[in-house]
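Hi there,

Here is the structure I promised to pass on to you.

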Amino acid sequence: MPELLFHNLTLGYERHPAVHHLSGAVEKGALVAVVGPNGAGKSTLFKGIVGFIKPLAGSIERNGLDTHDIAYLPQIADIDRSFPISVYDMVAMGLWRRRGLFGGIGNKDHVAIEAAIAAVGLTGFEQRTIGTLSGGQMQRMLFARLLLQDAKLIVLDEPFTAIDAKTSADLLNLVRRWHSEQPTVLAALHDIDLVKASFPQSLLLAREPVAWGATRDVLTAENLNKARRMCEAFDEHAEACAVEAA
Amino acid sequence: MIYDTLIAPFADFEFMRRALVGSLALALGAPPVGVFLMLRRMSLIGDAMAHAILPGAAIGFLLAGLSLFAMAGGGLIAGLLIAFGAGLIARATLLKEDASLAAFFLISLALGVTIVSVKGSNVDLLHFLFGSVLAIDDPTLMLIVSITSVSLLALALIWRPLVLECVDPGYLRSVSRAGGPAHIAFLALVVLNLVGGFQALGTLLAVGIMMLPAVISRFWARDITTMIGVAIVCAAISGYAGLLVSYHANLPSGPAIILVAGVLYALSVVFGPVGGLLWLALPQRHLEA
């Protein structure tokens, strides 16, 4: 059974569609890249999947997924970097699903937290406050938290933007490792070569879905050009969409 | 000599002992709430809430005279109404929470002063505004101590969502629905501690024992747990030293307590190891790595 099913899904803001008539399925354990120009609706699609915004039309079917089964790394994390909290405590918040509001953090958990911090290469940073981290180290820390979340579906919104080659390569290895452990991963990406090298499936989005399937069939020069030509601006005087809702 | 200055006032007079216990209880409950207010950039919200309590207390006074529970209950109801009302309007309209709170507390303050001046005397008004820590009786003490206990317990219960909502609200929203309820519970704690404080320090200065120690702690600690510890210790020192100063120099006790906290604040701004002015001014060689 597919993990995610989109039924003629339209998402947007103030009745203007940002993702228009998307239908399709994401299989359990799939590793899908979502590609498209700025303003194509990638972040909007992710917010819809996580449940932060409601569909304007159509629906998203999350088979057996509770909200806390989904781990979401937003494009611009709304993090107050001046807050006095250590890297260790921040990563430990990844255990929320298992420990909840009051659950104690036991020895096993401490081992898991240390392991997650080591996996992203931040050993030695445990007691640093988050305000002292660089952009790349911050992203590594958020990945460590994602590791602990043990989610069934992982949604990464442009995780490698403004991150250097070494850090992206390290983090990409983590994503590949997840893939072999079978959570479903969706990632919005701009680096076409990286997608071709590491992501078996792609969805090319330009508000309307342009192509979806095996990466080599989707990311053709013709499709990419088509995606680039689709306009970005909302039409303030657009008529109501005539396509019949499913 | 030292005994006479530091201990005798409390050994000799019961009202000084009560005042001390009351101040220490306040010092335990209010500063942790203040630390969270500061970290959420809501430092002035406490001030607004303190004004908002006034009409409730005044109505309580109107109905029952200088009765502790009528005034505290009235203050509590008014404070909670205004906290939730302002929150609701902020969510339902395009006003931000601080703007709608500003509107609410100003109306509330005007209402409160009107009620007190129509029905009471100037002495009553002064009592409302500045409290009287030296006139704390047993029921008042019980009230303050209960509020402190409730406050510390509640804070322990909502600790995780509260911290997470400050640092990373988006993440909290993705893992739990506790953010909203925790925020409301936190606002209730602010009101509760102000009601406790205003018996002793008055509506105007109750915020002082909440916010000044919190602001001071920022200069001494880098993590939130230590900050709360520092804030509590500062508030306790202010309470004790403030009472002594007021006793020996014959000054009003509430303002004396807050002024001692003010002195601690000034010292911290200069000498505090975390970003104090002195350390910024000292030329220090940078490290090798």
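Predicted model: local features only at pLDDT ≥ 70, side-chain atom pairs only at ≥ 80, totals over all residues.

Residues are numbered from 1 along each chain as its sequence is written, and chains are lettered from A and ligands numbered from 1 in the order in which they are written.

Let's start with chain A. Strand E1 (residues 4-13) pairs with strand E2 (residues 16-26) of chain A in the antiparallel sense, over seven bridges. Strands here are DSSP runs of E with at least two residues, and helices are runs of H or I with at least four, numbered from the N terminus; two strands pair if DSSP finds at least two bridges between them. In this pairing, A:Leu5 stands opposite A:Ala25. The hairpin of E1(A) and E2(A) has two residues between the strands, and A:Glu14 takes a positive phi near 50° there. E1(A) also pairs with strand E4 (residues 57-62) of chain A, antiparallel and over five bridges, where A:Phe6 has A:Ile60 as its bridge partner.

Now for where the chains meet. On chain B, 19 residues are in contact with 17 residues of chain A (contact means C-beta atoms, placed from the backbone, within 7 Å). Helices H9 (159-167), H10 (169-175) and H12 (224-249) of chain B each supply at least two residues of that side, and H9(B) gives the most, with six.

Enjoy exploring!

Note on methods:
Contact = placed C-beta atoms within 7 Å.
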